[in-house]
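Please keep the structure open while reading.

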Amino acid sequence: MKKSPGKKVTSHIPYDLGITILVKLPLKSLKRLGCVCKSWGILFENSNFINIFSNNFISNHGSHDDASLLLQVTITNFSDTRYHSLYSLYGDSFINRVKLEWPNPFHVENPYFYILDSGSINGTLCLYSDINGIFIIVIWNPITKELKVIPRSPIEFVPSPYDQYFVVLHGFGYDHIQDDYKIIRYINVGLHSSDIYGGKYWEIYSLRSNSWRTLDIGMPGCGLGTIGERLYTLGMCHWISKGYTNKDDSYLVSFNLNGEIFNTTLIPLFMDAELDHEFSIHSMMLNGSIATISWYDDTTTFHISILGELGVKESWIKLFIVGPLSCVDHPIGVDKEGNIFFRKQNGELILLDLRTNVISDLGFNGWYTSQIVILKGSFLPIGGINL
């Protein structure tokens, strides 16, 4: 009796089935799978794959279902007086809004703060302000109204004949190894680097010890108080640094709050080179991924890219090109579904739905500066740790 030959086993995966599986994978995994075969290695050169991956990416938004949005705005009137306001936004197209009161730990008239764009951590926000010439930092829970004023560091009391310094906050985050909340910043005392009474320092604040200490580290920084340059993810603070080694280069700087070490990831421009044109880069969390949105300052077309792996330049992938958007000036944040808020040149605020490309007018007018952050509320004490 003749035996029938066994069925031949094949490792071939039909192209359509492979695409269906691959578009659902994280970007980091996709980039690593590029070495499996030539066709997988060039997936991101395929416009059809990019479109499918982009649509799938934006449809699977992050875990912010129980979070709310905070809008911080600054109004400038005809007498050049600025008024700072804070709103909680909710409802369809965010037409419902509740004005919140800023904390007033120093009992000054019309207190104001800016929200550090690292965002909220366990329901807590890091706020900063310049009150009567003194740089103030507070940690605040908008739900419980609990407030913690951060002490000034010894460096701020260094004697200088100029009596001037400037501070740039770079991040607020949680060190899960030490069960501690930390703030990292750069401070420059004195007018000039040659001022023997001053100097340039990196400092880190610990909530657990309620104190600052200097860091012996040569790290690239971000712009002076520029909104949209800072992020926080899983024990790491990130910010955008331009011109670290070359005036045309931009880097994502990532600082580990536990190990207190940093690394950099070069950010490709992803735009057609235009000599002598200034460009801007804004960072954001887009559906759980680190993302950048870049544009030339005299255009209204925006290029959105996401990062697959820290330290790997090649893992950046451009997913969206938005625009041109008429009279749009710059982005100010994202909502829970990954849609982007923009400020127009006349101060009006709009929301762009990345899935439909539909633009909604928020009904705000005349704002000087604006900022959106996601707040995941908590009733825990500040930090939620046993101090």
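The charged end of R185 is placed over the ring of W212, at 4.0 Å from the ring centre. A like arrangement holds for K242, whose charged end sits over the ring of F279, 4.1 Å from its centre. The model is predicted, and the points below are grouped by topic.

**Aromatic pairs**

- The count of aromatic pairs comes to twelve.
- One of these pairs joins W295 and F302; it is tilted, with 5.2 Å from centre to centre and 50° between the planes.
- W295 counts as buried because its relative accessibility is 6%, under the 20% cut-off.
- F302 counts as buried as well, with a relative accessibility of 0%.
- F302 also forms a tilted aromatic pair with F342, at 5.0 Å centre to centre and 55° between the planes.
- F302 belongs to strand β18 (residues 302–307) and F342 to strand β21, so this pair ties together parts that are 40 residues apart in sequence.
- Both partners, F302 and F342, are buried.
- Elsewhere, one aromatic cluster is formed by Y112, Y114, Y128 and F135.

**Nonpolar cores**

- The largest nonpolar core has 36 residues, and the members that touch the most other members are L169, I183, W239 and F255.
- Elements that give two or more residues to this core are β5 (125–131), β6 (134–140), β8 (165–175), β9 (180–189), β10 (199–206), β11 (211–215), β13 (236–242) and β14 (250–256).
- Strand β9 supplies the largest share of this core, six residues.
- A second, separate core holds 23 residues, including I50, F53, W295 and I340.

**A four-stranded sheet**

- Four strands make an open sheet in the order β20-β21-β22-β23, with antiparallel pairing.
- The edges are β20 (328–334) and β23 (359–361); each has a single partner strand, so one side of each is left without a neighbour in the sheet.
- On average, neighbouring strands of this sheet are turned by 30° against each other, direction ignored.
- Within the sheet, β21 (residues 340–344) pairs with β22 (residues 349–352) in the antiparallel sense over four bridges.
- F341 stands opposite L351 in β22.
- Strand β21 also holds F342, the residue that forms a tilted aromatic pair with F302.

**Cysteines**

- How many disulfides does the structure hold? The number is zero.
- A disulfide is a covalent bond between the sulfur atoms of two cysteines.
- For C126, the closest cysteine sulfur is that of C237, 9.7 Å away, which is too far for a bond.
- For C237, the closest cysteine sulfur is in turn that of C126, at 9.7 Å and again too far for a bond.
- The cut-off for a disulfide is 2.5 Å between the sulfur atoms.
- Is C126 buried or exposed? At 1% relative accessibility, C126 counts as buried.
- C237 is buried too, with a relative accessible area of 0%.

How values were computed:
Residues are numbered from 1 along each chain as its sequence is written. This is a predicted model: local features need pLDDT of at least 70, side-chain atom pairs count only at pLDDT 80 or more; totals for chains, interfaces and linings use all residues. Side-chain values use heavy atoms; hydrogens and water are left out. Buried means under 20% relative accessible area, exposed over 50%, partly exposed in between (1.4 Å probe, protein chains only). Two strands pair if DSSP finds at least two bridges between them. Axes are lines fitted to C-alpha atoms, for helices over the stretch in contact, and angles run from 0 to 180 degrees between N-to-C directions. Rings of Phe, Tyr and Trp (its six-membered ring) pair if their centres lie within 6.5 Å; planes under 30 degrees apart count as stacked, over 60 as edge-to-face and the rest as tilted. A charge sits over a ring if NZ of Lys or CZ of Arg is within 6 Å of the ring centre and within 35 degrees of the ring normal. A nonpolar core is a set of buried Ala, Val, Leu, Ile, Met, Phe, Trp, Tyr and Cys residues joined through side-chain atoms within 4.5 Å.
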